[in-house]
Amino acid sequence: MALVESSWLIPIIPLAGFLVVGFGTRRVPRLSGWLAVTFVGAALALSLGVAIEYLPGHTKPFEVERDWIVYGSATPQPVKLSMGILVDNLTALMLVVVGVVGFLVALYSVGYMAHDPGRPRYFATICLFVGVMLGLVLANNYLLVFIFWELVGLCSYLLIGFWYQKPSAAAAAKKAFLVTRVGDILLLLGIILLFHEFNTFNFKSLMSLHLEPEAASRLTLPLLLVFGGAVGKSAQVPLHVWLPDAMEGPTPVSALIHAATMVKAGVYLVARSFPLFEQSPDALLWVATIGAVTALLAASLGLVAWDIKRVLAYSTVSQLGYMMLALGVGAYGAAMFHLWNHAFFKALLFLCAGSVIHAVGTNDLRLMGGLRKLMPITSLTMLIGALSLSGIPGLSGFFSKDEILAAALSKNPLLFAMVLLAALFTAFYMFRLWYLAFGRSYRGAAAHPHESPATMTLPLLVLAILAVVSGYWLFAGFGGFINGALPERLLHGEEHVSINPLVAGASILAALLGILVARAAYSTGKLKPETFTAGPVRAGLHRALVGKLGFDRAYYAFAERGVYGYAAGQGWFDRRVVDGVVNGIGRGTVGLSRGTDWTDMKVIDGVINGVARATVGLGGRLKHLQSGVVSHYGVLVIAGVALLLAIAWAVG
Amino acid sequence: MALPLTDVLVVSSLLFTVGICGVLSRKNALIILMSIEVLLNAASLNFIAFSVYGTASPLGQVWALVAISLAAAEAAIGMAIYMVLYRTHRSIDVAEVNVMRW
Amino acid sequence: MALLSLLVFLPLAGALLVALTRSPRGARWLAAGVSLAVLLLSLNLLAAFYPVPFTGRWNQEFVGVERVPLAPPLGITYIVGADGLSAPLVLLTALLVFLSAVFSWDQQEKARQYFALMLLMETGIMGVFLSLDLFVFFIFWEVVLIPMFFFIAVWGGPRRDYASMKFLIYTHLGGLVMFLGLIGLYIGTGATTFSILPITETIQGQTVLVDSGVAQKAAALSVSAQTLIFAALLFGFLVKLPSIPVHTWLPDAHVEAPTAGSVLLAGLLLKMGGYGLVRMGFGLAPRGATGPVPFLPGLSMLHLMLLLGVLSIVYGAVICLVQRDLKKMVAYSSISHMGFVTLGLATLTTIGISGAIFQMFNHGLITAVLFMMAGAIHHHATTRDIPTLRGLGHVMPRGTLVLGMGFFAGLGLPGLNGFVSEFMVFMGTYGAYQLWLLIPLTAVVATGAYFLWTLQKIAFGGWNTELGKGGDLAPYELLPLVVLTLLLLLFGLYPRLILDITQPVAAQLAGAFAGVKPL
């Protein structure tokens with residue numbers, strides 16, 4: 001029996017962990033962390049086992065499913081909505097990413113959260129998240145993906161708002177959920193459209209479709225809607241605003257959910273649907289454009305942030321833009337490769353940032369500095385991550401970014417230019433961060449910043465190693481492996497690895513330039529940072545960037561004045577107008593009944609009472625006949641008899 | 001038999017009239033009771049007269065005897081009522097005993 | 001075995017016994033015992049529909065039919081029967097009454113009357129869901145009003161006089177117009193019986209058809225007659241549902257009603273509207289559903305339902321954003337959620353109707369959680385004012401967990417039951433009306449917004465110390481809430497438990513309308 005046949009257990013294990021940790025460790029919070037690590041570790045082990053079976057490449061996809069909803073008329077054929085799992089090469093890749101990062105983050109959290117009283121809740125939610133995220137990548141149809149899609153959003157909400165006493169955390173959690181929900185309803189609409197077009201949600205049936213060009217044009221709208229879901233989840237422009245705020249959550253959460261896994265769900269979904277997207281050039285163009293714009297815009301926003309985690313958050317958004325761009329220009333393998341590499345180096349960067357925050361107690365880069373001596377492991381691993389992200393040759397980020405740049409250039413020079421500029425920005429903000437945190441001398445207030453415990457540094461070291469070596473899979477057949485998930489018609493013979501020297505040169509140059517400028521400005525002091533804001537143009541640009549280009553403000557205005565104002569107006573309408581009419585009718589009826597009442601009392605009752613009163617009066621007079629003296633009655637009787645006799649006589 | 005029926009009837013009518021007048025005009029209850037006796041006697045006289053002159057059947061005389069015994073019973077009950085009346089009202093004047101009036 | 005009659009009249013007997021008890025203690029034990037017995041009986045009824053393997057041979061028959069002629073000259077028969085439409089609602093009724101009885105464990109004020117009325121209401125609701133005679137149906141329909149009126153008027157809040165009168169007048173008016181429709185059916189079909197099902201008699205061992213029943217005869221009525229009847233029924237049921245613009249009795253009634261009253265009102269009474277719409281409206285005047293709206297000849301009844309459904313969903317969701325009273329917010333959310341029922345029925349697709357019926361069931365569970373939580377919060381934190389409440393997560397962690405589950409079920413989170421039915425209605429809506437779907441979809445975001453916003457305001461942050469010490473749920477509050485939240489999960493993960501029962505009804509109804517275009 002192949003291990004893959006038990007792959008349905010993979011999400012079940014962490015979900016069981018959720019129950020055990022959530023309901024079993026209230027009394028013993030110490031245990032919660034290690035229990036969570038155990039459960040996630042078990043899931044990771046199984047995931048790795050499954051992935052290894054798929055490593056050789058063209059292994060047959062594995063699918064099982066059960067009916068979930070059955071409806072329609074029994075004849076000829078009822079409609080069945082199923083729930084099931086599908087394991088192919090893409091799934092295997094995602095399983096490893098989620099499993100590895102999830103496990104390392106859980107381990108890291110044992111140290112990071114050691115003193116938090118809410119640990120059981122934290123680790124339970126982590127387990128829940130890992131479970132549903134694994135479920136998401138295993139799902140065999142759009143409906144199930146949507147279900148898990150929402151559930152990872154729920155976990156994200158719960159973890160961003162983990163420190164719920166903090167108003168900003170609570171607000172950020174809500175914002176994240178709502179902004180992604182805008183994307184979610186687009187996705188929902190998209191898959192409903194797809195269903196009505198093809199009568200199935202199943203990936204395998206949908207992806208094996210090969211439509212005529214006219215028929216394919218009907219795909220564009222559903223696909224754009226599906227992409228809308230991805231835009232929300234993967235924080236692409238214009239729905240990127242939630243991710244930087246999401247940094248209110250504990251740092252390991254940022255690493256796991258908001259860098260390595262959940263935000264990749266959008267990219268994963270587009271990749272999963274790639275055989276459909278590939279048939280709709282319009283949809284692909286949108287994907288590429290949004291990706292490139294996001295990559296550049298987020299990178300530029302990262303230039304001015306002072307919060308160490310926000311810089312990384314913008315970086316994540318920007319890198320997700322790269323992946324989208326890659327998918328948009330048809331470089332499926334490159335996108336997945338970047339996703340794979342990025343998961344490790346970005347998780348590494350976040351965990352390093354967490355280590356720093358753990359030590360100095362603040363997120364503000366201005367209150368750090370000089371940590372290179374104090375935190376040698378963190379500083380070294382973070383440097384590796386930064387170099388990898390910046391795209392320095394030899395580290396993983398270089399290989400995948402280079403592939404993406406090459407693919408962009410082959411499709412559209414403008415897109416290429418945008419992401420090349422983004423690469424320059426990336427290198428700059430990463431080293432700005434690194435120098436501000438680790439260079440020069442300490443500027444903060446914490447008494448004795450010191451290196452983090454082993455449970456935290458161990459994951460850093462493992463991730464650092466992964467951030468270096470993950471890129472070399474490119475030369476060990478990554479392309480062939482990942483293309484195994486695509487239908488036959490999209491495979492163009494043997495993949496060969498080539499590095500375009502022109503693109504590579506440009507990319508390396510951009511990275512080096514960025515690093516050098518950052519070094520000059522924030523380390524050696526050869527360049528005053530103030531020169532960036534000198535002059536009206538530069539100052540204006542800077543202001544715009546600090547103001548996040550107005551996205552937040554516009555959304556806030558829309559929500560506050562538009563939606564809330566409308567709601568308040570409608571509330572007034574309901575109370576005054578709708579209920580006013582109702583109460584008016586009520587009052588009118590009461591008035592009418594008052595009138596009726598008056599008529600009743602004065603007119604109708606008047607007649608009745610008049611008759612009664614007359615009768616009473618008459619009776620009052622007549623009563624005197626009743627004297628009570630028998631003789632009187634006798635007289636009357638006699639008189640009456642006499643009268644009757646007289647009448648009888650008279651009548652004859 | 002020189003006494004014609006008409007004379008007997010006239011006597012009877014006179015007796016009846018006397019009785020009626022007594023019942024209606026007197027206030028003493030005892031006198032009223034006596035007047036009633038006179039009325040009954042007038043009736044009995046009629047019964048006997050018609051029995052002798054008219055039908056020649058003894059039935060009328062039987063009824064006269066019944067009426068006399070009834071009158072005795074009635075007198076007894078009447079006296080009992082007057083006794084109670086006197087106890088409660090200290091009087092047997094029918095004009096004063098007017099509790100049944102409006 | 002007279003299972004259905006037991007379901008209807010056991011609560012009545014219980015109500016009489018409860019009224020005879022001496023102490024609140026005896027009253028609540030007796031009420032809980034009786035309602036638990038009814039719950040077990042209703043599970044027994046549900047079992048009659050299982051197993052339903054998907055073989056294409058669904059249980060389309062009425063189960064447990066009983067007939068007792070009541071007034072033969074008028075054609076009034078006591079006739080009960082359960083099918084896939086009523087069975088889940090019967091279960092819901094039995095469940096919610098039992099849980100409400102448990103939740104009201106600390107009821108001291110006039111406890112005997114309280115529990116007796118609760119059981120009396122159960123009789124009425126069961127009667128509505130089970131009786132298949134138009135006249136008896138109407139009697140049960142009106143019987144339900146009385147206990148609810150007293151619930152609000154006796155145990156209600158400060159504005160109870162206004163609210164109880166408003167409730168009574170509104171629903172009574174709706175009931176009367178509905179009765180007009182029923183009378184119209186009776187007279188229109190020849191006036192020999194009120195029974196929906198055929199009436200048969202056994203004469204000398206042979207079964208003889210006495211009357212083919214209203215359902216069969218009604219189908220022969222002219223379109224214009226059916227349209228009028230449908231319009232009258234629709235009005236009556238929309239008031240009960242309630243739909244915009246005849247909804248304003250609901251928030252007032254809820255704000256004033258005691259917790260158990262709110263649970264039964266939103267959980268069960270509203271369902272009578274949806275149930276009636278399917279059983280009476282679509283069932284007895286099918287061609288009226290596609291007929292033109294009186295005075296608005298360009299608009300068909302179905303389109304009217306679509307408009308009102310969509311409007312209710314959006315209107316209810318948006319107005320929740322500005323509510324200060326937690327209960328009022330939940331009340332408006334009910335209007336929004338019940339809009340899905342109208343919308344689902346208006347699609348006339350199998351999945352849409354099935355979703356609408358399931359939505360009724362789900363909303364019953366969700367709203368019970370929410371109203372119970374509102375009651376518990378009022379009890380422990382002394383207020384339901386959203387701006388005043390803060391940091392409930394601190395002082396009532398269990399309560400907050402339950403509240404969160406309820407909220408997330410309400411906003412349609414997959415894995416909880418609300419999602420399934422909303423999704424099905426969406427599927428149906430797209431199938432029938434294409435991009436009209438966009439409007440209710442935007443309401444999904446608004447729904448998320450008001451639930452999460454409220455959660456943020458009342459559960460997060462630090463505890464507002466002006467509200468005293470607060471406290472977590474008492475055991476008698478926790479038990480019903482835990483049961484309900486587990487059910488939210490159960491039906492969210494495995495909806496076939498209900499859907500396979502409702503499916504034949506939906507398929508039959510949709511099949512009857514196959515190929516019929518509204519106008």
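In this predicted model, helix 12 of chain C and helix 13 of chain C run roughly antiparallel to each other, because angles over 145 degrees are counted in that way and the two helices pack at an angle of about 155°. Helix 12 of chain C covers residues 301-320 and helix 13 of chain C covers residues 326-347, and their axes lie 7 Å apart. Two packed helices are described by the angle between their axes and the distance between the axes. The crossing in which helix 12 of chain C passes helix 13 of chain C is left-handed.

Which residues does helix 12 of chain C bring to its meeting with helix 13 of chain C? Among them are Leu302(C), Met305(C), Leu306(C), Gly309(C), Ile313(C), Gly316(C) and Cys320(C), while the residues that they meet in helix 13 of chain C include Met329(C), Tyr332(C), Ser336(C), Gly339(C), Phe340(C), Leu343(C) and Ala346(C). Sorted by class, this contact of helix 12 of chain C with helix 13 of chain C holds 17 nonpolar and seven polar residues, and no charged residues.

Chain C contains 20 helices and six strands, and its C-alpha trace spans about 75 × 60 × 45 Å along the principal axes. The radius of gyration of chain C is 22 Å, which agrees with a compact globule, because a globule with 519 residues would have a radius near 24 Å. Buried residues make up 64% of the 519 residues in chain C. If we take the contacts in chain C between residues at least 6 apart in sequence, 77% of them join residues at least 24 apart.

Gln113(C) has its place in helix 4 of chain C, which covers residues 111-130.

Chain A has 26 helices and two strands, and its radius of gyration is 38 Å, well over the 26 Å that the globule rule gives for 652 residues, so chain A is more spread out than a compact globule. The C-alpha atoms of chain A fill a box of roughly 155 × 70 × 55 Å along the principal axes. Of the 652 residues of chain A, 52% count as buried, and residues 24 or more positions apart account for 81% of the contacts in chain A with a separation of 6 or more.

By class, the contact of helix 19 of chain A with helix 20 of chain A has nine nonpolar and two charged residues, and no polar residues.

Leu348(A) lies in helix 16 of chain A, which covers residues 332-360, and Leu348(A) counts as buried because it has 31 C-beta neighbours inside 10 Å. Leaving aside its neighbours within four places in sequence, Leu348(A) is in contact with Thr381(A), Gly385(A), Leu460(A), Leu463(A), Ala464(A) and Ala467(A).

It remains to see how the chains meet. Between which chains are the most contacts, among the two pairs that touch? They are between chains A and C, where 39 residues of chain A are in contact with 40 residues of chain C. On the side of chain A that touches chain C, the largest share, 13 residues, comes from helix 6 of chain A, and by class this side has 26 nonpolar, eight polar and five charged residues. Chain B and chain C do not touch, and their nearest C-alpha atoms are 50 Å apart.

Conventions:
Residues numbered from 1 in each chain as written. Chains lettered and ligands numbered in written order. Predicted model: local features only at pLDDT ≥ 70, side-chain atom pairs only at ≥ 80, totals over all residues. Axes fitted to C-alpha atoms, helices over the stretch in contact; angles between N-to-C directions. Helix = DSSP H or I, 4+ residues; strand = E, 2+ residues; numbered from the N terminus. Parallel < 35°, antiparallel > 145°, perpendicular 65-115°, else oblique. Left-handed = near helix turned anticlockwise from the far one by under 90°. Contact = placed C-beta atoms within 7 Å. Nonpolar A, V, L, I, M, F, W, Y, C, P; charged D, E, K, R; others polar. Rg over C-alpha atoms; globule rule 2.2 N^0.38 Å. Buried ≥ 20, exposed ≤ 12 C-beta atoms within 10 Å, placed from the backbone.
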